[in-house]
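Please look over the sequence and the model shown here before reading the briefing.

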Amino acid sequence: MQHFRTLSAYLDYLELPRPEHPMLSVFSALNEGFLPCPKASSPPITNDCYSISLKKFIKGNLNYGRTTYDFTNGALFFIAPRQVLQWDDSVVFEQKGFSINFHEDFLKGTDVAQQIKKYGFFSYTVNEALHLSPQEEKQIESIVGHIEMEYRNNQDEFSKDIIISQLGTLLKYANRFYERQFLNRKELSKGLLEQFNQQLEDYFNSGQLQEKGIPSIAQLANQLSVSQRYLSDTLKKETGKTSTEHLQLYLIDEAKNILLNPDKTVSEVAYELGFEYPPYFSRLFKKKEGISPSEFREKYRMN
């Protein structure tokens, strides 16, 4: 797989103009003109850059989770360094909007370098993009306008600090707008939770637990056609618990039923539930229930 270590090499590959700054490029066509078109398709590639872009669709199917939406407003995409990128010519975008690309080293030594790692949406897939309302779109475009102004003008000792400050503001607004998107799509969130629980039930009932062990969150997310980070964030917004916590609770509920069988040791219960190390099972059980598996069994016998 081809990997691009510099921003210039990455833009050259995309057949886009060279950047004004060795670590930052800004392409904008918010009011007039058109964005330069990158190459129509590409096999899987990776690079060391962040990308933030606003696109509008002309044609092509784009799903949000398993649901198709009409995205007539702008869709904001976030790509982190070393994410695998691949595209073809099936989806066509209107050449309006903007695209900001910057090398990860551009942020080194700044607060934004630490903050950006906390934003889960850089790990979302394309079909989990942020879909802006008209007012939100205007706010984002205003921030990008300030970034572009600094980028296009004769850059001085203050330019980088101002641009990074504006990038930080853009990311904070994006985080706020994602919160709105999760709230507005509660039905989708509930559906995802139901599907997640159904996946777990099917996995347990099929006997795969004994054969393959506890399923990973990545495996469950893949079955649901969403990214691992998006699944966890969606469930967290809906229930207050992450996907890992839901998986653990499911395992503990199953453990309670099996522990009621007095013929099985705690270690046998742990192995039956897919735990390689019984002490880890015991610690997890006590953390969630406040008592050990043995104490739970004894308490049940007393009742």
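Helix α9 (residues 243–259) has 17 residues and, at 1.5 Å a residue, should span 24 Å, which agrees with the 24 Å between its end C-alpha atoms; the expected span of a helix is 1.5 Å times one less than its number of residues. This is a predicted model, in which local features need pLDDT of at least 70 and side-chain atom pairs count only at pLDDT 80 or more, while totals for chains, interfaces and linings use all residues. Residues are numbered from 1 along each chain as its sequence is written, and side-chain values use heavy atoms, with hydrogens and water left out.

**Chain and confidence**

- The protein chain has 12 helices and 10 strands, where helices (H or I, at least four residues) and strands (E, at least two) are DSSP runs numbered from the N terminus.
- Of the 303 residues of the protein chain, 46% count as buried, a class that means under 20% relative accessible area, with exposed meaning over 50% and partly exposed lying in between (1.4 Å probe, protein chains only).
- The protein chain exposes about 16,200 Å², of which carbon and sulfur atoms supply 47%; accessible areas come from the Shrake-Rupley method with a 1.4 Å probe, and for residues only the protein chains shown count as cover.
- When contacts (heavy atoms within 4.5 Å) are taken between residues at least 6 apart in sequence, 75% of them join residues at least 24 apart.
- The average pLDDT, the predictor's confidence in each residue from 0 to 100, is 83 for the protein chain, and 86% of the residues score at least 70.
- Over residues 58–71 pLDDT stays under 50, and for this stretch the model has 40 contacts beyond four places in sequence.

**Nonpolar cores**

- A nonpolar core is a set of buried Ala, Val, Leu, Ile, Met, Phe, Trp, Tyr and Cys residues joined through side-chain atoms within 4.5 Å, and the largest one here has 67 residues, with Ile52, Phe78, Ile100, Phe102, Leu107 and Phe122 having the most contacts inside it.
- Helix α4 (residues 159–184) gives the largest share of this core, nine residues.
- A second, separate core has 13 residues, among them Tyr10, Leu16, Ile45 and Cys49.
- Leaving aside neighbours within four places in sequence, Leu107 is in contact with Tyr50, Phe102, Val112, Ala113, Ile116, Ile164 and Leu167.

**Helices α8 and α9**

- In α9 the buried residues include Ser243, His246, Leu247, Gln248 and Tyr250, together with Leu251, Ile252, Ala255, Ile258 and Leu259.
- Helix α8 (residues 228–239) has 12 residues that should span 16 Å at 1.5 Å a residue, and its end C-alpha atoms are 16 Å apart, which agrees.
- Buried residues of α8 include Tyr230, Leu231 and Ser232, as well as Asp233, Thr234 and Leu235, and just after α8 Gly240 takes a positive phi of about 85°.
- Ser225, in the loop between α7 (217–223) and α8, has a positive phi near 65° although this residue is not glycine, and Ser225 is partly exposed with a relative accessible area of 38%.

**Glu136 in helix α3**

- Glu136 is placed in helix α3 (residues 134–152) and counts as buried because its relative accessibility is 7%.
- The side chains of Glu136 and Arg180 are joined by a polar contact of 2.6 Å, the term meaning a pair of N or O atoms within 3.5 Å in which, within protein, one must be able to donate a hydrogen and the other to accept it, and residues adjacent in sequence count only if both atoms are side-chain atoms.
- A polar atom of the Glu136 side chain also lies 3.0 Å from the backbone nitrogen of Ser133.
- Beyond its neighbours within four places in sequence, Glu136 is in contact with His131, Phe177 and Arg180.

**Glu104 and Arg82**

- Glu104 lies in the loop between β9 (92–103) and α2 (111–115) and is partly exposed, with a relative accessible area of 24%.
- The side chain of Glu104 makes a polar contact of 2.9 Å with the side chain of Arg82.
- Leaving aside neighbours within four places in sequence, Glu104 is in contact with Asp48, Cys49, Tyr50, Pro81 and Arg82.
- Arg82 lies in the loop between β7 (75–79) and β8 (85–87), has a positive phi of about 65° although it is not a glycine, and counts as partly exposed at 45% relative accessibility.
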